[in-house]
Amino acid sequence: MSSYEEKGTINENFKVLIIGARNTGKTTILHKFLRSRISWPHYPTLGFEYHPYIWVHKPTNQTIRLQVWDTSGQNKYRQIILHHFQRVHGALVFFDLSDKNSFNELDNWYRDLRRVCGNYCAIILVGNKSDLPREISIQEAIDWAKKKNMYYLETSSMWDPLKEDDRLVGAITLFEKLITLVMEKHCKEVKTKISYHPQPRDSCFC
Ligand SMILES: Nc1nc2c(ncn2[C@@H]2O[C@H](COP(=O)(O)OP(=O)(O)OP(=O)(O)O)[C@@H](O)[C@H]2O)c(=O)[nH]1
Ligand SMILES: [Mg+2]
C-alpha cells in the first residue's frame, strides 16, 4: 500500500487508455510521462500492458490513482483491446505526424472506441513525432478532430515533458490536459477547483 493510500488522500481513480496505429510512439510517450527508463532496442507492445500510477495532478492539486492501459497498434489486436475497455474515463488516440498511414487509420480506431465507450470517455487526438518531417499538416489534424468534436494536441518524445506552448505539449502536460478533461466530464465536485481551462488560444479544442 502506498503512503497516499495509507493516509487516505487519494482523491480520484481514473482508467486511461492509449490507442492508435502501431509505431506511433504510444509506449515511448507513456514512459516519458511515468519518468521511467525503457530498455533499448525498443519493442512493440503485445496486446496490452497495465501501468498503475499515483500522481498529483498539478492544475487541481488532486492526488489521482491512474490505471493506464498501453495497447498494441497492430490491427489484429484492435477488437480484443477495445472489448476490454468499456468504462475508461479518458483516452489518448495517437497518430504519427510523419506517417500518413497512421493518420488514415484514425477513423477505425475512433469508430471502435466510440462504439465501446459511447460518450463516457474524454478523448484527445495526439499527433506524435512532431520533431520529424511531417506528412500531416496541423490544419488537416485539426479538421479531423473538429469533425469528431475532439481536442487536438501535438507532442514529441524528444521534448521536455513539461513543455506547454499552445497545442505543442510534452508528455506530462499531455496527461495533465487529458485528466483535466476527464475531471470536467466526471467530477462535478472538483469542477470549480480546476485552475486553468485546457482550451488553447486559437481553438484547436474543436
Ligand atoms: N523521432 C521520434 N521517434 C519517436 C517518437 N516517439 C517514439 N519514437 C520512436 O518510434 C518507435 C515506436 O515507438 P513505440 O513507443 O514503440 O510505438 P507504439 O505506438 O507503442 O508501437 P506499438 O506498441 O507497436 O503499437 C520507436 O523507435 C521510438 O523510439 C518521437 O516523438 N519522435
Ligand atoms: Mg507500444
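These legends go with close-up views of a predicted model.

**View 1. The shell around ligand 1.** Ligand 1 has 19 residues around it. Those that come nearest are G25, T27, P44, T45 and G73. Helix 2, residues 26–34, supplies three residues, the largest share of the shell.

**View 2. The loop that holds N23.** This loop runs between strand 1 (12–20) and helix 2. N23 has a phi near 70 degrees. That value is positive, and N23 is not a glycine. N23 has 18 C-beta neighbours inside 10 Å, so it counts as partly exposed. A residue would need 20 or more to be buried.

**View 3. The loop that holds D166.** D166 sits between strand 7 (164–165) and strand 8 (168–169). Its phi is near 60 degrees, again a positive value in a residue other than glycine. D166 is exposed because 11 other C-beta atoms lie within 10 Å, and the cut-off for exposed is 12 or fewer.

**View 4. Confidence in helix 1 and helix 4.** The protein averages a pLDDT of 86. A score of at least 70 is reached by 84% of the residues. Helix 4, residues 100–104, has the highest mean pLDDT among the elements, at 98. Helix 1, residues 3–7, has the lowest, at 62.

**View 5. Residues 192–206.** Over this stretch, pLDDT stays under 50. The model still has 29 contacts for these residues beyond four places in sequence.

Notes:
Residues are numbered from 1 along each chain as its sequence is written. Chains are lettered from A and ligands numbered from 1 in the order in which they are written. This is a predicted model: local features need pLDDT of at least 70, side-chain atom pairs count only at pLDDT 80 or more; totals for chains, interfaces and linings use all residues. A residue is near a molecule or strand if its C-beta atom, placed from the backbone, lies within 6 Å of it. Helices (H or I, at least four residues) and strands (E, at least two) are DSSP runs, numbered from the N terminus. pLDDT is the predictor's confidence in each residue, from 0 to 100. Two residues are in contact if their C-beta atoms, placed from the backbone, lie within 7 Å.
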